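Walk me through this model, please.

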Amino acid sequence: MHSREAGSATLALGGSWRLSQRLPRLARARELLDAAPDTTALDFDTAALTDWDSGLVTFVAGLEHLCGVRGIHCRPDGLPEGLRKLLELARALPQTGRGGHAMQPAPSFISRLGSDALDLIQSTGEIMAFFGEGTLALRNFLLGRARFRRSDLWLIMQESGADALPIVGLVSFLVGIILGYIGDQQLRQFGAQIYIADLVGLATVIQMGALVTAIVLSGRTGAAFAARIGTMQVNEEIDALRTLGISPMEFLVLPRMLALIAMTPLLAIYADLLGILGGAFVGTVVGGLTLSAYLTETQLAIGWNHIIQGLIAATVYGAIVAASGCLRGMQCGRSAAAVGQATTSAVVTSIVFIVIAAAVLTILFDAVGLS
Amino acid sequence: MRIEGITLGYGDTLVQQDLSFDIRCGDVFVIMGGSGCGKSTLMRCLTGLLAPWAGRVLLQGESLWERAPAGRSVLMRRNGVMYQSGALWSSMTLEENICLPLEQYTELAPEQMRAIAEYKLALVGLAGYGDYYPSEISGGMRKRVGVARAMALDPDTLFFDEPSAGLDPISARRLDELILELRDSLGTTMVVVTHELDSIFTIADDSVFLDAETKTMLATGNPRELRAASPVVRVRAFLNRGDAG
């Protein structure tokens, strides 16, 4: 930068100013302006400028701002015409967003507390509304008035039931092996390995079969429900259903609820069988029992009351998984990120409620004498 | 850019065939035609997203689709693309959306990138919106941010897929002005997919007309000249709002 007349300075810009290169920083221009505090006008000399792009435009725009703050008049006559036009174009448009979020002060603790409380109230209201609408949809279904496609119901049953058989089977078999090993280690001390069958059989049929099935379904099917319905929110497909007078609760949620309520107990029975087989594998290979002795002991240990407990638990867990997935999907925002949050939230919600339900059901079964 | 005998399709479905035309450097080139004729499909091919069934796309003499994916990616970097919906990354702020290509392909300091992002947003009338998320702004605004992001690296060629659709008349006119200004100031070649006649006649230097029925191009040339004197009735009818004259 050099001075030609009193109060006037000229900034020479030369060489190539392209984004693909390292560009001079605005701080350098600030130093030059600070070194010449008497400057009242700034001219540009671009005779040595070879080529330029947005890198130079941004630099000049920043420089104009610096000059404005210092009360220096920027005279753009020396700049290339195209550059002047681009600067004008950026200034010509209304800038209604000035300030944006950055200008908003960080909320205080009380403000955050209040905001969280309001969110909790709103969320509780949404959950209540969801269950209210769900109940009405169920009533309409029982009265034969619910509007949904039966083919959807069969497809969801297949996807959440038959298609889940391999993963549910594998996990249940492995859980049976784990229970069998734990039982073997303890019962071996008393020469009572035969009771491995009782331990594995009862634990699996009463709770573990249903629990393992529900947790697998939560990660597999509940998450898929939330992602599917959430994506429909993003694409305004749910709005389109509403404007046609079709209840999303009947069309989307009801078939998913029915499918999981029907399929989870069936999957739980399958999980029970595979879990018992896992225990039998340990009992025969590690515990030295015969297969027939193991199965006979299992048969003696398990009663109908235990099977009923497991089936009731599985039905409740299935409803929880479906409700959590659908609820979070329906609550989903309008962006791809919101779909991810809805999916995560669906899995967390269902697992937390499944564990709570397991505890409540265990106490309840004991209270009514089913244990 | 030279397009030589391009044939395009999805699966077994033919979309367009035997397309051959040149796009001159520094021109605003419009790809026009009725709905469903394959304009956006052609743009996907030109931007390296959809391989043609046959033919070549030559960028400054280099064949886009005969290069290995890594080489193709280098060529594609010279292009900026504005998608119909904006296609912004929803987990990033508007500023981050524009800064991402700068972070990947330049050695600029963070404050320089932020300044460029702010300037690009100002160009599309959204100065001060840098820390908003895409979900917090309207569809039209998302579209304008899409333009700003496409311009982030000052590409040699800018592709616009239906830029005016969904914009209010003032924003649409501003966008047309911006396209012309960028062309004049930076020498950027513009390829615009559109069927908005006002926009076509305002900005286009050259064009190609795609036909859905015959699945090929029916005309190339300046749209104003085609409107007056194209020998093809369907082209004249399109450019005269149904009146073939």
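Chain B is assigned two domains: domain 1 covers 1–78 + 157–220, and domain 2 covers 87–154. The bounds come from an automatic or database domain assignment. This is a predicted model, in which local features need pLDDT of at least 70, side-chain atom pairs count only at pLDDT 80 or more, and totals for chains, interfaces and linings use all residues. Residues are numbered from 1 along each chain as its sequence is written, while chains are lettered from A and ligands numbered from 1 in the order in which they are written.

The C-alpha centres of domain 1 and domain 2 of chain B are 23 Å apart. The two domains of chain B do touch: 11 residues of domain 1 are in contact with 12 residues of domain 2. Contact here asks that the C-beta atoms of two residues, placed from the backbone, lie within 7 Å. On the domain 1 side, helix α6 (residues 169–186) of chain B gives the largest share, 5 residues. Helices (H or I, at least four residues) and strands (E, at least two) are DSSP runs, numbered from the N terminus. That side of domain 1 of chain B divides into 6 nonpolar, 2 polar and 3 charged residues. The nonpolar class holds Ala, Val, Leu, Ile, Met, Phe, Trp, Tyr, Cys and Pro; the charged class holds Asp, Glu, Lys and Arg; the others, Gly among them, are polar.

Next, the sheet in chain B. Four strands form an open sheet in the order β2-β1-β4-β5, with antiparallel pairing. Strands β2 (13–22) and β5 (62–63) of chain B are at the edges with a single partner strand each, so one side of each has no neighbour in the sheet. Two strands pair if DSSP finds at least two bridges between them. Strand β1 (residues 2–10) of chain B meets strand β4 (residues 54–59) of chain B over 4 bridges, in the antiparallel sense. Arg2(B) has Leu58(B) in β4(B) as its bridge partner.

Chain B also meets chain A. Here 30 residues of chain B are in contact with 31 residues of chain A. On the chain B side, α4 (110–123) and α6 each supply at least two residues. That side of chain B divides into 15 nonpolar, 9 polar and 6 charged residues.

Now chain A itself. It has 12 helices and 6 strands. Its radius of gyration, taken over C-alpha atoms, is 35 Å, well over the 21 Å that the globule rule gives for 371 residues, so chain A is more spread out than a compact globule. The rule is 2.2 Å times the number of residues to the power 0.38. Along the principal axes, the C-alpha atoms of chain A fill a box of roughly 110 × 55 × 45 Å. Buried residues make up 38% of the 371. A residue is buried if 20 or more other C-beta atoms, placed from the backbone, lie within 10 Å of its own, exposed if 12 or fewer, and partly exposed in between.

Strand β4 (residues 41–45) of chain A has two faces. Leu42(A) and Phe44(A) form the covered one; Ala41(A), Asp43(A) and Asp45(A) form the uncovered one. Strand β2 (residues 8–12) of chain A pairs with β4(A) in the parallel sense over 5 bridges. There, Ala12(A) stands opposite Asp45(A). Strand β6 (residues 73–75) of chain A also pairs with β4(A) in the parallel sense, over 3 bridges. Ala41(A) stands opposite His73(A) in β6(A).

Finally, helix α11 (residues 304–330) of chain A. Of its 27 residues, 19 are buried, so α11(A) is largely enclosed by the rest of the structure.
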